[in-house]
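Subject: The structure I promised you

Hello,

Here is the structure we talked about, passed on to you for a first look.

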Amino acid sequence: MASIIRRIWNGLRGWRALFAFAIVVAALVWMDQRTLAAAPLHGIRPQGSTWVLSTSNFPQFWRRLAQGDAFQRMRKEWPRPQSAFELAIRLDTGIRPTPLRWRVWLGQRVTMAKSQDDIGLCVFPGILLRTVDWSARLLGHRPDADGIAVYGPYHYAWRDGFLIASRSREYVMNCLVNGDTGPLRSRSDGELAFQWTGSPEGYIRTLPGPGLRVEGQVHMQLSDGEGPLSLTNAWPQPPVFAIAARTTDDLLTLAAMVERTAASLPEWESHKQSLLIALSGWDVTQLSESWDAGFHHVALALLDVSVEDTLPIPDAAFVMRGGSTANAAHPLAPLAAHHVSIPYEWDGQPGLYIPWLGEQLSPCLGRSGRDWIVTLNEPRMAALAGSLSAGPAETADVDVTLRMSWESAGKAAQGIARIIASNSLLPRMSGEEAQGALSPKIDALSHLGTLHINARAEGEWSSFNGNLCDPAKQAGD
């Protein structure tokens, strides 16, 4: 009997090794899961960071995004929208990133921040990377006196189980000495949160579900009205982009926020100066302080972009809706005081046609029903006068609405892409190469449906929610 057992035992020698290996792997996986589960929800970043992006489970968010309905709608023309991000990670680290590889090497928690020094990353790795780092130290790759080591272009260090990395040594040092470990806007559901400081501060956070749902807040005071907005969906055709609000002051507040954001772009100042020069002949001081009194709702829309000339020309409209029939002089008529203007009529109502910079940039002032209308060209005024609907309205607690038709935006972008290609405006690319690079991506974005955001005034803050690409809503519905 003993010899039989011995022969069976010897016959299982290979299986014993495999079984032992499986036990070791299972133990490592269990330890890795315990390590990652014990990680604090939010990582370390420098005090006073300009912005912070965070998630409690980046691989899960990445996988849901790649398999979600938005990416699926783009897949035919743009199979891998995330490829540029993956390539950048692979070139810097030597690892081709996938959700599984990211989790195995870098864990689940991710906190990325921008400080005055640079941009940096904070993760909570699992057993594998910790073992590799421990082995590297045994082989002599040790950090300096401050605890900071170097890998390729990155400086990195460990603190409280977190790995902090940046191209800037000062960034890593600031995290070690005085890093911020306070709570962030991301939650335990793995969705992504982006928060920023400055004026105004705020955050935006993704939510589970189709259409890339989002919510957030901005430290910005809007008018808190009682009745529902009626201009959100008033346009006869889906605009490229449209914003509806309660007052012109709300539009100016939003414009100021956009201007402060755009100021960080290197090209913005030159574009801004060009715009100011073009508008210098329109003296807003001609308007009285109460020129916009009596308006219940206002809306601004980019309806199309003309690409017939070398430069794209916007086709935009501004509508001011009052509580009664518009039957007085146009509120913006004083702006035409120093310009040649021609009396005109649309929808049986008098107005002004102001020749300025050709047919596509000759403002028109008109009225129809309860609406005062401004357009940048006569055909658009003819199309809108008498065609703006009275609804359907939003719910009464909505104070600002943003809508963008990805399809309309795609058509406009294709025209701009043709201008870029025909004039060889992309460096190191021929016109044909530029068209081939841009056109499929624009077509892909055209399938995303509608950006659909509603905002509500809440004292000194404004909250918002909606979808970045809702397939179920069209901008004119």
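Below is what was found in it, taken topic by topic. Please keep in mind that this is a predicted model.

The largest nonpolar core has 38 residues, and the residues with the most contacts inside it are V298, F318, M320, L332 and V400. Strand 18 (residues 450-458) gives this core its largest share, four residues. Apart from this core lies another one, of 18 residues, with L231, A244, L303 and M381 among them.

Leaving aside neighbours within four places in sequence, V298 is in contact with residues including L231, I243, A244, L251, F318, V319 and M320.

Next, have a look at Q195, which sits in strand 7 (residues 193-196). Its relative accessibility is 19%, so Q195 counts as buried, the cut-off being under 20%. A polar atom of the Q195 side chain lies 2.9 Å from the backbone nitrogen of R185. Beyond the neighbours within four places in sequence, Q195 is also in contact with T50, W51, V52, L184, G202 and Y203, among others.

Finally, the surface. W134, L138 and L139 make a nonpolar patch of about 420 Å². W134 belongs to helix 7 (residues 127-138), and this residue counts as exposed because its relative accessibility is 54%, where exposed means over 50%.

Enjoy exploring!

Best wishes

Notes
Residues are numbered from 1 along each chain as its sequence is written. This is a predicted model: local features need pLDDT of at least 70, side-chain atom pairs count only at pLDDT 80 or more; totals for chains, interfaces and linings use all residues. Side-chain values use heavy atoms; hydrogens and water are left out. Helices (H or I, at least four residues) and strands (E, at least two) are DSSP runs, numbered from the N terminus. Buried means under 20% relative accessible area, exposed over 50%, partly exposed in between (1.4 Å probe, protein chains only). A polar contact is a pair of N or O atoms within 3.5 Å; within protein, one must be able to donate a hydrogen and the other to accept it, and residues adjacent in sequence count only if both atoms are side-chain atoms. Contact means heavy atoms within 4.5 Å. A nonpolar core is a set of buried Ala, Val, Leu, Ile, Met, Phe, Trp, Tyr and Cys residues joined through side-chain atoms within 4.5 Å. Patches are made of residues with over 30% relative accessible area and no salt bridge: like charges are joined within 9 Å, nonpolar side chains (Val, Leu, Ile, Met, Phe, Trp, Tyr) within 5 Å. Accessible areas come from the Shrake-Rupley method with a 1.4 Å probe; for residues, only the protein chains shown count as cover. A salt bridge is a side-chain nitrogen of Lys or Arg within 4 Å of a carboxyl oxygen of Asp or Glu.
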